[in-house]
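Here is a protein to walk through step by step. Please keep the sequence and the 3D view open together while you read.

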Amino acid sequence: MSAEPAIPAARYQAAYLAAGENPISANIRHAVAALRRHLWMALAIIGAAIILALISTLLDTPRYTAETSVQINDQSDEVLGSKFETGTVSPVTSDWDIDRFLNTQLDVLRSRGLAERVADRLDVAGNEQFFSAMEVPPSALTGDQAQDRALAVELLRDNLEVELPRATRVASISFTSTDATMSASVANAFAEEFIQANLQRRFDSTSYARDFVADQLEEARADLEDSERELNDYAKSVGLIRTRDALTPDGRDALTGTVTTSSLVQLNDAAIQAKAARIEAQARWQAIQGSPLLASQPVLANPTVQALMTKRAEIQSELQVARDRYLDNHPAISRLEGDLQAVSRQLESTARQVRESIHAEYRAAQSAQDQLDGQVKRARGDSLAEQDQSVRYNVLARQADTARSIYDGLLQRYRELNASAGIASSNIAIIDRAEAPTDPSSPNVPRNLALGLLLGLGLAGVAVFLRDQLDDVIHTPEDVEDKLEMPLLGVVPRTEDTSPLEALDNPKSPIAEAYNSLRGALLYSTPQGLPKVLVVTSAQAHEGKSTSSLAIAMGFARIGLKPLLIDADLRRPALDKLLGLRLERGLTDLLVTQDDPKTAIVKIKDRKIDLLPTGPLPPSPSEMLSSPRMAQLLESFADTYDVVILDSPPVLGLADAPMLAAIADGTIFVVEAERGRSGSLKAALRRLRSMKPVLLGAVLAKFDPTKSGNRYSAYYGYDYYQYATGERRNEA
């Protein structure tokens with residue numbers, strides 16, 4: 001009894017999935033149900049937002065927007081050619097560069113400097129018509145020219161809109177004010193001043209560049225003369241003879257710039273080649289030095305040796321044939337043996353000559369290497385001595401080369417600036433000039449109403465969401481799992497025409513069918529099946545727990561089980577009133593005495609159940625229900641009956657229900673649908689769970705599936721399928 005069983009929840013979820021339920025449809029149905037539940041609040045919020053948008057639109061002052069379009073090219077027309085048009089915009093080669101260039105031009109259009117040029121051109125600082133068009137009252141003007149100009153510049157920037165659609169170079173410049181003519185003149189002024197500012201910027205930069213380059217060119221010429229004169233004087237004084245320029249792009253050429261260095265490079269290359277030849281000759285000699293005379297590859301590769309070895313093999317073959325035919329002292333055998341000895345001696349002599357030639361080649365390579373190494377050492381000493389003298393020379397040469405490069409660059413730039421002076425072509429052109437608009441751009445009634453509608457929908461959605469999240473009332477069966485985190489055992493519909501007992505007496509009624517479904521869930525609510533002792537409780541009174549207790553007992557009796565129904569509400573008993581009985585003995589008599597329990601049990605024959613009523617109401621019900629006698633009685637009843645059902649008091653404010661739930665085998669929590677609680681359900685569950693009971697699940701009582709908020713529940717139409725009688729059967 002230390003934890004709630006997991007099987008009911010798993011079985012409930014499996015049944016839900018088997019019925020085609022999925023998280024997406026469940027969330028959609030929950031959202032629609034919440035919207036239907038709070039529909040009037042949402043409609044009120046949306047209506048208020050639309051009305052406010054309409055009122056603000058009607059009270060707003062009409063404004064007019066004039067628009068000018070300009071084309072922005074990444075380069076201007078070339079008059080003298082690209083070589084001399086240094087003031088033009090450099091061509092853009094990549095998409096990223098094009099976007100950066102166009103965005104830069106848009107920033108220039110929005111800049112304060114351009115707004116100041118427009119303000120000065122139109123003289124808006126002293127123009128009352130401009131401030132009137134910008135809805136600035138005369139009292140806001142101070143009369144100070146500088147302050148009024150600053151205010152006018154800010155108004156120009158705030159009401160200017162610059163847009164550049166993607167995949168085009170045509171930008172739109174629009175200005176908005178209450179005067180259509182003023183809007184058009186300001187928009188055109190921005191476009192014209194944008195072009196003039198671009199041309200002025202190029203001319204100013206070119207003029208300044210010419211003067212600056214001329215001064216720098218004269219200084220560079222003097223520096224070049226001084227550096228070259230100093231370089232030549234130093235070379236003469238130390239006697240350096242250069243075969244190449246000291247500063248060349250190739251580092252190897254720089255090293256061979258003098259005669260001594262060139263000789264060192266040549267000798268070093270020869271010494272490297274001689275060393276490689278010596279290593280190769282030494283390897284060949286070492287390969288044959290310690291091997292047998294006729295076992296080395298260089299000897300065997302000699303053509304003479306190969307011919308002699310072939311001849312020796314032929315004589316040996318003839319000798320073998322002769323020995324097979326003649327005796328050992330035959331002349332033919334003697335002749336062949338003499339020939340074989342002569343060829344063998346000649347072969348050995350030739351092999352020795354080949355080995356000696358390889359050895360001689362090795363000694364010659366070693367001698368050549370030694371001689372070249374000596375010459376390299378002498379040349380290296382001379383070169384090192386010369387390098388000490390070249391340090392200063394190289395420094396002076398670098399200075400002269402730097403001065404020459406600076407002078408050549410400045411001279412070329414100066415020529416280009418002189419060629420392009422006074423030539424200015426703009427890369428910006430006006431496509432459409434602004435005209436005074438005839439219709440106001442704002443207020444836009446359809447747009448404002450649409451914005452009000454969107455705002456109202458958003459606020460209504462937020463309000464419905466917050467209201468639904470803060471609402472702890474159980475509206476639908478899905479709320480039992482979502483808000484109470486409990487498995488749902490059954491759903492009992494609300495009855496309007498008949499009393500609950502009359503509906504229970506009719507086995508074809510929706511209530512009877514609902515409790516039959518609850519009975520089936522209880523039969524498999526635990527791994528062991530039906531719990532022996534069941535406690536039925538609720539958070540508050542009048543939620544249907546007494547009716548549910550009676551219906552559960554009657555349901556078990558119908559399937560042949562022997563149930564005992566105990567009215568354990570020792571404060572406000574309801575079962576005797578529900579059944580129309582007046583009984584004096586009951587549970588309290590058994591708790592204070594050791595009487596036989598059978599003396600207090602009443603058999604309800606028409607309902608086939610046994611009832612243990614409350615008996616006299618005690619002054620301290622909690623102490624009696626928590627006594628050991630109560631646990632003994634329940635154990636005794638569990639041995640006698642198939643199932644024992646206790647109608648418990650409500651949980652809130654009382655300790656009776658948690659104590660009964662702690663000693664029972666299972667607890668059923670009855671929840672009334674659509675009953676405002678303000679957190680009472682969760683508080684009751686916290687009190688129950690503090691006693692570590694076995695909570696089998698919850699029963700949603702008095703559920704009305706026809707309410708608008710419940711129409712999107714999975715249990716909508718719960719009472720649609722009923723047994724047809726009379727005219728309804730004929731209609732079907």
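**A pocket and its surroundings**

The second largest pocket has a volume of about 570 Å³. A pocket, on a 1 Å grid over the protein atoms alone, is an open set of points where a 1.4 Å probe fits, with protein on both sides within 12 Å along at least five of seven lines. The volume is the space filled by probe spheres set on the points, which are joined across faces, edges and corners. Lining residues have an atom within 4 Å of a point. There are 26 of them here, and His542, Glu543, Gly544, Lys545 and Ser546 are the closest to the centre of the second largest pocket.

Which elements give two or more residues to this lining? They are strand 5 (488–493), helix 17 (510–523), helix 18 (545–558), helix 19 (575–579) and strand 12 (695–703). Helix 18 gives the most, with four residues. Helices (H or I, at least four residues) and strands (E, at least two) are DSSP runs, numbered from the N terminus. By type, the lining holds twelve nonpolar, six polar and eight charged residues. Nonpolar covers Ala, Val, Leu, Ile, Met, Phe, Trp, Tyr, Cys and Pro; charged covers Asp, Glu, Lys and Arg; the others, Gly among them, are polar.

The model is predicted: local features need pLDDT of at least 70, side-chain atom pairs count only at pLDDT 80 or more, and totals for chains, interfaces and linings use all residues. Residues are numbered from 1 along each chain as its sequence is written, and side-chain values use heavy atoms, with hydrogens and water left out.

Now look at Glu543. It sits in the loop between strand 6 (533–538) and helix 18. Is Glu543 buried or exposed? Glu543 counts as buried because its relative accessibility is 0%. Buried means under 20% relative accessible area, exposed over 50%, and partly exposed in between (1.4 Å probe, protein chains only). The side chain of Glu543 makes polar contacts, reaching the backbone nitrogen of Gln540 at 2.9 Å and that of Glu672 at 2.8 Å. A polar contact is a pair of N or O atoms within 3.5 Å; within protein, one must be able to donate a hydrogen and the other to accept it, and residues adjacent in sequence count only if both atoms are side-chain atoms.

Asp569 lies in the loop between strand 7 (563–567) and helix 19. Its relative accessibility is 5%, so Asp569 counts as buried. A polar atom of the Asp569 side chain lies 3.2 Å from the backbone nitrogen of Arg572. Beyond its neighbours within four places in sequence, Asp569 is in contact (heavy atoms within 4.5 Å) with Lys545, Thr614, Asp647, Pro649 and Pro650.

**Two loops and a helix**

Most residues other than glycine have a negative phi. Glu135 has a positive phi of about 60 degrees. Its place is the loop between helix 6 (128–133) and helix 7 (145–158). Glu135 is partly exposed, at 39% relative accessible area. Glu485 has a positive phi too, of about 55 degrees. It lies in the loop between helix 15 (477–484) and strand 5. Glu485 counts as exposed because its relative accessibility is 66%.

Thr350 belongs to helix 13 (residues 331–420). At 12% relative accessibility, Thr350 is buried. Thr350 and Asn302 are 48 residues apart in sequence and 9.2 Å apart in space, C-alpha to C-alpha.

**The chain as a whole**

The protein chain has 25 helices and twelve strands. Of its 732 residues, 40% count as buried.
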